[in-house]
Amino acid sequence: MAIEERTISMLVNNQPGVLSRIAGVFSSRGYNIRSLCVAETTNPEVSRITLTSRAESDFTEKIKKQLDKLIDVISITDFTGAPSVQRELMLISLCLKEENRQEIIRAIDIFGCRVVAMSEDCLIMEITANKDKTAAILRYFEPFGVEEMNRTGAIAVFRQKREG
Amino acid sequence: MGTIGADIVLKTLAEEGVDVIFGYPGANTLPLNDRLTDSPIRHYLMRHEQAAAHAADGYARATGKVGVCLATSGPGATNLVTGIATAYMDSTPMVAITAQVNSDLWGRDAFQEMDIIGITMPITKHSFMVRDVNQLASSLRQAFQLASTGRPGPVLVDIPKDILSAPCGDQPKKIPAAPLKRIENPEQIERIAQALNRSERPVIIIGGGVKLGDACDRATEFVQTARVPFVTTMMGIGSVASANGFNLGFIGMHGNEMANRTVHQADFILALGTRFTERSTSVIEEFAPLATVAQIDIDPTSIGKNIKVDLPYEGEIQNALSALIPLIVPRERDAWLERIRTDRQTLEDKLIDGGCGQAGNLIRKIQAAMPRKTIVVPDVGLNQIWTVRTWQSHSPRSLLTSGGMGTMGFSVPAAIGAKVGAPDRDVVVICGDGGFYMNIQELATISAYSLPIKIVVINNGHLGMIRQIQDLFYEARFTTSALGDTVDLTAVAKGFGIPAERIAVDEDPAEAIARMSGATGPYMLEAMVDQNNYVYPIIPPGASNMEMICGK
């Protein structure tokens, strides 16, 4: 079966231990969670978890059934392959040297990144994009000497209300 | 005395129909133990918390009710773990209550503080940490509901000592839970019926879920109406009476050759309440290669977990069978039934003593001497396979065995739970010497409560199943499997206050068995058997169900 990246999002009770139960469903079956994003929803009693994992095509069905059995999981949606907007936030801290300063500034502009802090020999930029684009941007800047990088992992919203 | 958390616990348990709990006290359970004097609930004091969990499990298996065990924080709670895992693997409805250190001590490595919720997460359906005394009743009620509905299983409720002793008001009475909304799919039942009606060589596989779903009568009716042969998994034995003419035995690694062969030839399989574990199927790719597979299970995660299913149906087995029975078109399958009949005769002629040797004969004689309604509780290992292959289960809930987890030491404490839950039925333990040692302290519980449990220890001085595997697959290098013969188990039993006698290898067991079955109280027989008394057939690791070894 083809292995591909899957994005799953779920609404869960906002309580201690819930994330641990969900992580257990993945780890006990040998799946690695590649990215994970958790935050409160408009209802403070409910959190949304969005995560990605690389797995076979029958993964979602099997994992979904297991997650469905958890009392604290309210609903599960699979964004894989569905029309949706997916974004992650990435911060890159970069060394500035005289010889590449201009190229870096130009690239930041072309990629649509935002400079959030800057000193004489260092800058921090912010990128909000889908995973492919953040990966491409990171690849581009790596040769210039990335001091530090941090990213949030994907969050997602459907493009239109789904049927049913 | 004003109402405190402990009173709410006992009151809620009583409202949930609990009459018995199996436990062991500690400093943190004491508020609860203290209030037991005013409660109708009986507390059985075990000699180890693991045994309390197995006893609750045995109680639940014998009665169909939720079993309850109670342990203190720290080591009390961790000692429950094997028992909870055993219940989890066999889907036993159980509520495990653990006391926790005072909530102001959490996370400070206090004396006997342990994160039992974290430890038991993979082996419970759910768990509750009660943080507010006003949540006690509702958490417990949810625990019972979760333990007993869907695919049953253990639920843990962890209660800090300060919550147990907190003054509180009465908590609202039980609100009847809304029935779970299920998506019924009648078309799928029709498709399964059509496939069955079309098939020429159908077989039904009965798993443990039939018993758990109270569908034994329906399954019997189904077998009789469809006139289709059935096999069982080890957990499914007894769901339909073993003596039923359509019964071909149980499948898998230690199963009956006839059952394995028939499944291999079948063109249609209807699986009821089984997840097709590798112990049943052996190499999955070679399991039932010719069959269209229909699977009915209440647990969506069990459907298609281990095998590709052509016709899945998620729902109550009882309801599914009720819908299925009227759709069956009776059909002559004389060739199929005749082929099974002749194969069966050939195999029975080939297999001396049912493949269980002297031990099998002993078990047959024990069953003959005991009343028909007797509950048999085997341990794990050769003794278990000898028992499940030999004992004729006349009714459901008469064979209680640790199938999924294979927990040695299960039998004696589980038998205690069974006897407490079903006091009008006789209970026989059939145990090996290895497993007997693992919870031997429970002889003290049997003795203290004068529980008339009959214990048969089949003693070969070895971990027999390990020895057989070493003999067959490790070129007879017997390491770490000899227990020796230095212990006089009858003297041990007598020391615990239980009458006991030994049957030598070459001795006729009839009289000793008669003394045991005639005894009014507990009784132990230590039956010596030869270390080479194995079980056949056996399927080698990595082989298919058709590659049975029928002798050395």
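Mentor: Start with chain A, which is divided into domain 1 (4–81) and domain 2 (85–157). Keep in mind that this is a predicted model. The C-alpha centres of domain 1 and domain 2 of chain A lie 29 Å apart. The two domains do touch: 8 residues of domain 1 of chain A are in contact with 6 residues of domain 2 of chain A. On the domain 1 side, the elements giving two or more residues are strand 1 (4–13), strand 2 (33–40) and strand 3 (46–55) of chain A. Strand 2 of chain A provides the largest share, 3 residues. By class, this side of domain 1 of chain A has 3 nonpolar and 5 polar residues, and no charged residues.

Next, confidence. Chain A has an average pLDDT of 90, and 97% of its residues score at least 70. Within chain A, the lowest confidence is in helix 2 of chain A, with a mean of 85. The highest is in strand 7 (residues 122–129) of chain A, at 95.

Helix 2 of chain A comes up again where the chains meet. There, 9 residues of chain A are in contact with 8 residues of chain B. Two elements give two or more residues to the chain A side: helix 1 (18–27) and helix 2 (59–68) of chain A. Helix 1 of chain A gives the most, with 3 residues. The classes on this side of chain A are 1 nonpolar, 5 polar and 3 charged residues.

Follow the directions here. B:Pro202, B:Ile204 and B:Ile206 point one way from strand 7 of chain B. B:Val203 and B:Ile205 point the other way. Both sets are buried.

Finally, look at the strand's partners. Strand 7 of chain B pairs with strand 10 (residues 268–272) of chain B in the parallel sense, over 5 bridges. In that pairing, B:Ile205 stands opposite B:Ala271. Strand 7 of chain B also pairs with strand 8 (residues 230–232) of chain B. That pairing is parallel too, over 3 bridges. Here B:Ile204 has B:Phe230 of strand 8 as its bridge partner.

Methods: Residues numbered from 1 in each chain as written. Chains lettered and ligands numbered in written order. Predicted model: local features only at pLDDT ≥ 70, side-chain atom pairs only at ≥ 80, totals over all residues. Buried ≥ 20, exposed ≤ 12 C-beta atoms within 10 Å, placed from the backbone. Helix = DSSP H or I, 4+ residues; strand = E, 2+ residues; numbered from the N terminus. Pairing = 2+ DSSP bridges. Contact = placed C-beta atoms within 7 Å. Nonpolar A, V, L, I, M, F, W, Y, C, P; charged D, E, K, R; others polar. pLDDT = per-residue confidence, 0-100. Domains from an automatic or database assignment.
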